[in-house]
Amino acid sequence: MAEDMYAFSRLDSAFQRTKSLLWPIKWGVWLRLALIALFVGGGVSLPNTSGYNFEEGDLPPGVVESLPDIAPLIVAFILIVLVIALVWWIIGTVMQFVFVDMLRTGDIHIRPFFGERLGKGVRLFLFQVGLTLILILAMMAFILMLVGLGGSGVGGVAFILLFIPFVLVAALLFGIIFLLTHDFVVPIMIREDCGVIEGWRRLFGMISENVMQIVVYVVTRLVLGLIAAIVQAVLVILAMLIVAIPFVLIGIVLLAAIQANIVLLLALLVPYLVIAVPVALLIAVPFVTFFRYYGLLVLEGLAPGYRLLPE
């Protein structure tokens with residue numbers, strides 16, 4: 001029965017708790033949750049250029065000759081980006097615990113919980129890195145195997161194309177593992193004061209007793225996540241367009257009055273982004289808060305001993 005499924009029955013409670021926390025608006029609460037959203041919400045995908053082979057003729061004159069001189073700078077830049085990405089990732093895993101602590105205590109402050117949860121955040125980070133490496137290595141091994149079986153010509157390409165559905169399924173399975181880790185294992189780690197593996201061991205016991213509940217939750221969570229992503233994207237785009245209006249007008253005035261060059265016009269991007277990014281994060285606040293409440297309430301239904309939210 002639908003009414004017996006926690007994935008359905010806890011939706012209204014999650015909405016009410018989200019509304020109670022965020023309305024009436026308290027800007028301190030919203031801004032702190034926006035900072036949480038910055039680290040725990042969404043990701044960035046980079047364009048793939050692996051399908052194009054760059055040749056010497058594609059580059060401006062003199063670039064190839066200067067590559068040995070700028071190579072150390074390129075390596076240093078890549079290392080800096082990697083370090084920043086890793087630090088960002090670690091902070092994001094710590095914020096997963098901080099977010100739960102904030103909601104379970106009602107104390108919407110980051111500093112009191114961050115240091116306390118740093119150790120668990122690092123454990124979660126290492127767990128996620130391990131899963132990511134396993135996925136990447138498995139994909140590479142399968143692709144190399146298929147290319148070896150099919151050859152390097154048309155047969156190899158055909159094998160890779162046939163392998164795409166399996167890649168998507170594997171990515172979906174790993175995505176579900178990450179989802180269950182964030183929604184259920186993180187709260188379990190907080191309640192039991194344990195590591196990721198022990199948290200998963202306890203979740204496995206819970207899954208074995210509530211298989212259908214978990215399946216329905218995962219499907220519902222994915223569908224709701226897709227709908228929320230679409231709605232959030234539309235709201236963000238509309239907000240970005242509205243925020244851009246005064247900057248576009250300023251740019252038009254500058255072009256008409258002083259014939260501003262492109263550098264001056266691009267400089268307008270800085271104040272635009274200073275305003276636009278926080279606006280986008282504030283839009284994300286209700287969504288990330290709802291889903292965090294939702295996961296905690298479903299976990300509570302599956303195992304009352306893991307009740308973390310106040311009455």
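Author: What follows is a short talk about aromatic pairs and their surroundings. This is a predicted model, in which local features need pLDDT of at least 70 and side-chain atom pairs count only at pLDDT 80 or more, while totals for chains, interfaces and linings use all residues. Residues are numbered from 1 along each chain as its sequence is written, and side-chain values use heavy atoms, with hydrogens and water left out.

Reader: OK, how many aromatic pairs are there?
Author: There are eight aromatic pairs, where rings of Phe, Tyr and Trp (its six-membered ring) pair if their centres lie within 6.5 Å, and planes under 30 degrees apart count as stacked, over 60 as edge-to-face and the rest as tilted.

Reader: Why do Trp-89 and Phe-125 count as edge-to-face?
Author: Their planes stand at 85 degrees, with the ring centres 5.2 Å apart, so the pair is edge-to-face. Trp-89 belongs to helix α4 (residues 63–105) and Phe-125 to helix α5 (residues 111–150), 36 residues apart; helices here are DSSP runs of H or I with at least four residues, numbered from the N terminus.

Reader: And is Phe-125 buried or exposed?
Author: Phe-125 is buried, with a relative accessible area of 9%, whereas Trp-89 is partly exposed at 28%. Buried means under 20% relative accessible area, exposed over 50%, and partly exposed in between (1.4 Å probe, protein chains only).

Reader: Switching topic, which residues form one aromatic cluster?
Author: That cluster is made of Phe-184, Tyr-217, Phe-290, Phe-291 and Tyr-294, and of these residues, Tyr-217 and Tyr-294 are both buried.

Definitions and conventions:
Helices (H or I, at least four residues) and strands (E, at least two) are DSSP runs, numbered from the N terminus.
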